[in-house]
Amino acid sequence: MAAFKYSIFTIRKDLRFVLFLLILLLFSSKSFGQQIPVLEKKVSISAKNEPLETFLRRLSQETGTVFSYSSSAINVDSNVTADFSNKPLREVLETVLEGKVDIKQKGVYVILTPKPDSSKDLVISGYVVDEGTGKPVRDATVYDPITLKSSLTDEFGYFQLSVKNPAEDLKLVINSQSYTDTLLIDEKQSTFQKILLKTKEVDFEEVGKSIAEPIKDFWVWTKKSVAFTNMDNMSDTLHRGFQVSLIPFFGTNKKLSGSVVNDFSFNILGGFSGGTDKLELGGMFNLNRGNVKSVQAAGILNQVSGTVQGLQMAGMFNVVLDSVNAAQVAGLVNFNTGNVKGFQMAGLMNVGTSNFQGFQLAGLANYINRDVDGVQIAGLLNIGRNVKGTQIGLFNYADSIQGVQLGFFNFVRKGYHQVEIGADEMLPLNVSLRSGTRAFYTMLFAGIRTDNADSTTWAFGYGIGTSPSLGKKTHLNIELSTQQMNKGYVSALNLVNRLYIGMEFRLANKIHFYAGPSLNLRVFDSSYDDHPPLFTYTNPNIISESSYPSENIATQLWFGGRAGFRFF
């Protein structure tokens with residue numbers, strides 16, 4: 001165990017060493033940025049009826065490259081009309097040279113030579129990018145399913161593939177983890193391609209349909225009955241003011257009940273009708289072929305194949321296969337396949353495969369496969385696609401959100417995600433995962449400090465924060481957090497609660513530096529004598545100390561600070 005601590009967690013007790021590591025990380029990130037290959041440099045340039053030679057000269061000045069070519073082999077008098085914004089140099093050259101030129105890099109030189117005119121040998125190159133973000137997709141497999149020749153994209157999404165004796169409608173398959181497989185059919189046999197990949201998504205709508213199917217066929221046995229045959233034969237809908245039934249087709253509407261819409265419907269055990277206009281009560285279940293208005297209540301199940309307007313209550317399940325404009329209350333589950341507008345409350349889950357507008361409250365989870373406009377509150381989990389409003393739960397998920405998520409862990413697929421590495425006055429190494437939106441995010445973090453050969457101080461914690469923008473590259477951070485500090489095992493209460501206000505500066509794409517002061521309040525068990533020391537390589541002044549002997553609790557207050565880097 002001691003060897004493991006030495007090999008993994010040996011950290012100098014000197015703040016200067018920590019700062020040295022941070023500075024080294026900064027310079028290494030900058031030097032990495034300088035190692036971008038010439039052909040991958042981004043360029044913005046436009047031309048209108050400009051000679052190719054003049055265009056290449058301007059492009060050379062713009063990118064700091066030297067083009068080497070023979071004017072006898074390349075028609076430099078041809079005109080260029082194009083507009084490029086933040087495109088790789090390679091893509092610019094492939095476009096203006098119409099894929100007829102081999103492009104090779106050697107240092108700062110870019111060598112341009114005519115491609116051999118051969119129909120038996122075709123070299124295809126290009127970029128594979130994420131359709132949603134436009135970012136390059138690394139390690140995607142591009143292959144010819146006939147010859148099985150393949151190529152992997154590099155860190156810039158670039159690939160090159162040689163195909164012998166290509167078919168007239170050349171087919172390339174592109175596979176990448178987390179993306180849907182893509183088939184490219186190139187009838188013109190273009191030598192340069194830009195391929196867009198779509199992100200894989202779990203098809204919750206299909207999951208919803210699989211849930212709905214057994215409910216829709218709950219009374220499939222009726223299809224063999226005379227009553228169901230009558231319903232199929234009748235195109236007209238009958239109307240009655242009142243009906244009573246014991247079970248489906250055994251009541252005042254007899255075997256025509258599936259074709260009758262009632263104002264008032266009372267089902268002793270359960271009933272089946274063409275719809276309800278005012279009130280329906282069922283001892284166990286209510287089944288409706290058409291629409292329901294006003295009030296519907298059942299001891300176990302309400303199932304409606306049409307729309308619902310008003311109030312729907314069930315001891316266990318409400319199931320609606322069309323739109324809802326109502327309040328739904330269920331002991332276990334509200335399930336809908338159409339759009340919902342209104343209020344939903346369920347002891348277990350609210351599930352919808354279409355859009356939702358209103359207020360959802362569930363003991364366990366709320367799930368909407370489409371857009372949410374309103375509020376979702378659940379004991380465990382809220383899921384929505386495009387959320388406009390609020391999600392409150394232990395875990396919250398959205399593809400995108402205009403609003404706020406309040407929970408232990410929040411995740412917005414198109415939102416705010418950062419990994420933080422830094423130091424504070426207590427621990428020289430802290431790692432944090434921040435997720436949510438800049439308006440409101442959550443933090444899970446841990447830190448470590450090796451005090452001596454036999455003692456390691458470590459901490460884990462949780463926090464919340466907001467990060468308003470102060471400029472194009474600058475944000476303010478306001479954060480509240482709490483962390484438990486331990487020596488070895490978690491042995492006694494030793495919480496450090498922190499208010500942090502700092503600044504975040506973007507140094508490069510997906511690399512940020514942060515720093516700022518903090519106000520810290522330690523709350524600890526005063527009866528325990530083996531707490532780890534708060535500070536070893538710094539010595540901030542404790543500005544206030546209090547003790548509560550009757551509770552075996554003591555507190556300390558001091559000012560501190562944090563600094564480090566954030567990525568993504």
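A residue is called buried at under 20% relative accessible area, exposed at over 50%, and partly exposed in between, using a 1.4 Å probe and protein chains only. The structure is a predicted model, in which local features need pLDDT of at least 70 and side-chain atom pairs count only at pLDDT 80 or more, while totals for chains, interfaces and linings use all residues. Residues are numbered from 1 along each chain as its sequence is written, and side-chain values use heavy atoms, with hydrogens and water left out.

Helices (H or I, at least four residues) and strands (E, at least two) are DSSP runs, numbered from the N terminus. Helix α4, residues 89–96, is mostly covered, with seven of its eight residues buried. Among them are Leu89, Val92, Leu93 and Val96. After α4 comes Glu98, which has a positive phi near 55°.

Strands count as paired if DSSP finds at least two bridges between them. Three strands form an open sheet in the order β2-β5-β4, and their pairing is mixed. Because β2 and β4 each have a single partner strand, they stand at the edges and one side of each lacks a neighbour in the sheet. Neighbouring strands of this sheet are turned by 25° against each other on average, direction ignored. Strands β2 and β5 run parallel and are joined by three bridges; in β5, Val110 is the bridge partner of Phe67.

| β2 | 66–68 |
| β4 | 101–106 |
| β5 | 109–114 |

Helix α4 lies across β2, β4 and β5 and runs at about 155° to β4. Axes are lines fitted to C-alpha atoms, for helices over the stretch in contact, and angles run from 0 to 180 degrees between N-to-C directions; contact means heavy atoms within 4.5 Å.

**Nonpolar cores**

A nonpolar core is a set of buried Ala, Val, Leu, Ile, Met, Phe, Trp, Tyr and Cys residues joined through side-chain atoms within 4.5 Å. The largest has 24 residues, and Phe67, Leu93, Val110 and Leu112 are among those with the most contacts inside it. Elements giving two or more residues to this core include α3 (52–63), α4, β4 and β5. Leu112 touches residues including Phe67, Leu93 and Val101, where residues up to four places away in sequence are not counted. A second, separate core of 16 residues includes Leu122, Leu161, Ile174 and Ile195.

**Tyr489**

Tyr489 is found in the loop between β37 (474–487) and β38 (494–508). Tyr489 is exposed, with a relative accessible area of 73%. Thr457 and Tyr489 are 32 residues apart in sequence, and their C-alpha atoms are 9.3 Å apart in space.
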